[in-house]
Amino acid sequence: MNRPTFITPLCFVIFTVVSGFAEDGLTRESAIRAAMLNNPELSVASLEIERAKSRLRWAGRLDNPELELSSSTDQFGLNEDEGSFEIAFSQRFPITSRLRDEKVVRRHDIALAEIEFQVRQRQLAYEVDKAWIELKAALRTEVRQEDLLKLNREISTFLDGRAKVGEASPLDATQAALNGKLLEQELGVTRARVAEAMSTLGQLIGLQPGTAIVPEGEVLLPKSAPPVQWDLQTALANRPDYNALVTSGDLGRAQLALAMSQRWDDIALKVFAERERANDEPGGLERNSQVGIGISIPLPLRNRNQQ
């Protein structure tokens, strides 16, 4: 019942911070940070990591012991006041490495969930960075086209005035007017690109639809080309998607080992105590107590977890 009360202020704080970034200027780094804070898929992936850790805490444990109680009487037989009462505790134990294999599987589940979280982070950072660059480029193109349109209007006005006094060709004035129409069409297309890029970036960082975004900063190119020599193993180790494939293979092998260890059922160890009351001629009714231990071994005659 307290969870919504906590989440509502948290969501409000995150939205306020992101809105502040949008109004004051959104850099590439702040856009990526805002997306990491406000992305629902990352929240679900983080929850999956916690679920995997919780499953690990409960993996590799013995089953709960069993308590058995039994009582018998001869009231419906000879009614000689004979009877017995028995109490027993039984616990099942695996004879294979099943418990250890369960823990191994759960550890691989955690590793895979964490790597998938990193994969999603990397993909989200790429998408946000790409959207920010596209918005920045579209806005800069819009400014340049507005300057060109303003300059073309000045030229068109000048040529119209010169054409009226015979100092310029009417064809040149007409051509300038046509160029203005073409520039207006291109400016409209660019403004549509700006709106689309702004909507895409706003959706990625969790802004409300229609919120204006002011990208801040410049797109700087590297000063030099990357080195030609590179290490394949180092490159693969830094790729979370490659690590996810490797971990998936490890998980599959661990699951196979677990399935193999489940071919044999657990054995049951039983400890019991019995109190008995019986007639013993010629002494009559006597009482006796017994304590014992038992073991139950399943015989895999028909089912050994095989096809």
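Predicted model: local features only at pLDDT ≥ 70, side-chain atom pairs only at ≥ 80, totals over all residues.
Trainee: Which residues of α7 are buried?

Mentor: The buried residues of α7 are Pro240, Ala244, Thr247, Leu251, Ala254, Leu258 and Ser261. Around the helix axis they cover an arc of only 95 degrees, which puts them on the same side of α7.

Trainee: What is exposed on the other side of α7, and against what do the buried residues pack?

Mentor: Leu245, Arg253 and Leu256 are exposed on the other side of α7, whereas the buried residues of α7 pack against α4, which runs over residues 98-164.

Trainee: Staying with α4, why is Ser156 called buried?

Mentor: Ser156, which has its place in helix α4, has a relative accessibility of 13%, and because the term buried applies under 20%, Ser156 counts as buried. Apart from its neighbours within four places in sequence, Ser156 is in contact with Ala173, Ala176 and Ala177.

Trainee: And why is Thr157 called exposed?

Mentor: Thr157 also lies in helix α4, but its relative accessible area is 58%, and since exposed means over 50%, Thr157 is exposed. The C-alpha atoms of Thr157 and Ala176 are separated by 9.0 Å, and these two residues are 19 residues apart along the chain.

Trainee: What makes Asp129 and Arg28 a salt bridge?

Mentor: The closest N and O atoms of Asp129 and Arg28 are 2.7 Å apart, and because the rule asks for a Lys or Arg side-chain nitrogen within 4 Å of a carboxyl oxygen of Asp or Glu, Asp129 forms a salt bridge with Arg28. The pair links distant parts of the chain, with Asp129 in helix α4 and Arg28 in helix α2 (residues 28-38), 101 residues apart.

Trainee: Why are these two partners given separate accessibility terms, buried for Asp129 and partly exposed for Arg28?

Mentor: Asp129 has a relative accessible area of 19% and Arg28 one of 22%, and since the limit for buried is under 20%, Asp129 is called buried while Arg28 is called partly exposed.

Trainee: How do you know that Glu146 and Arg191 form a salt bridge, and why does the pair tie together parts of the sequence?

Mentor: The closest N and O atoms of Glu146 and Arg191 are 3.1 Å apart, so the pair falls within the 4 Å of the rule. Glu146 lies in helix α4 and Arg191 in helix α5 (residues 170-205), so the bridge ties together parts that are 45 residues apart in sequence. At 31% relative accessibility Glu146 counts as partly exposed, and at 42% Arg191 counts as partly exposed.

Trainee: How many salt bridges does the rule give?

Mentor: The count comes to 15 salt bridges.

Trainee: Which residues form the nonpolar patch on the surface?

Mentor: The patch is formed by Leu62, Phe93, Leu269, Val271, Ile293, Ile295, Ile297, Leu299 and Leu301, which together have about 910 Å² of accessible area. The elements that give two or more residues to the patch are β3 (267-280) and β4 (284-296).

Trainee: What is the secondary structure of the whole protein chain, and how much of the chain counts as buried?

Mentor: The chain comes to 7 helices and 4 strands, following the pattern α-α-α-β-β-α-α-α-α-β-β along the sequence, and 26% of its 307 residues count as buried.

Terms used
Residues numbered from 1 in each chain as written. Heavy atoms only, no water. Buried < 20%, exposed > 50% of the residue type's maximum accessible area, 1.4 Å probe, protein only. Arc of directions from axis to C-beta. Contact = heavy atoms within 4.5 Å. Patch = residues over 30% accessible without salt bridge, like charges linked within 9 Å, V, L, I, M, F, W, Y side chains within 5 Å. Areas by Shrake-Rupley, 256 points an atom, 1.4 Å probe, with all protein chains shown as cover.
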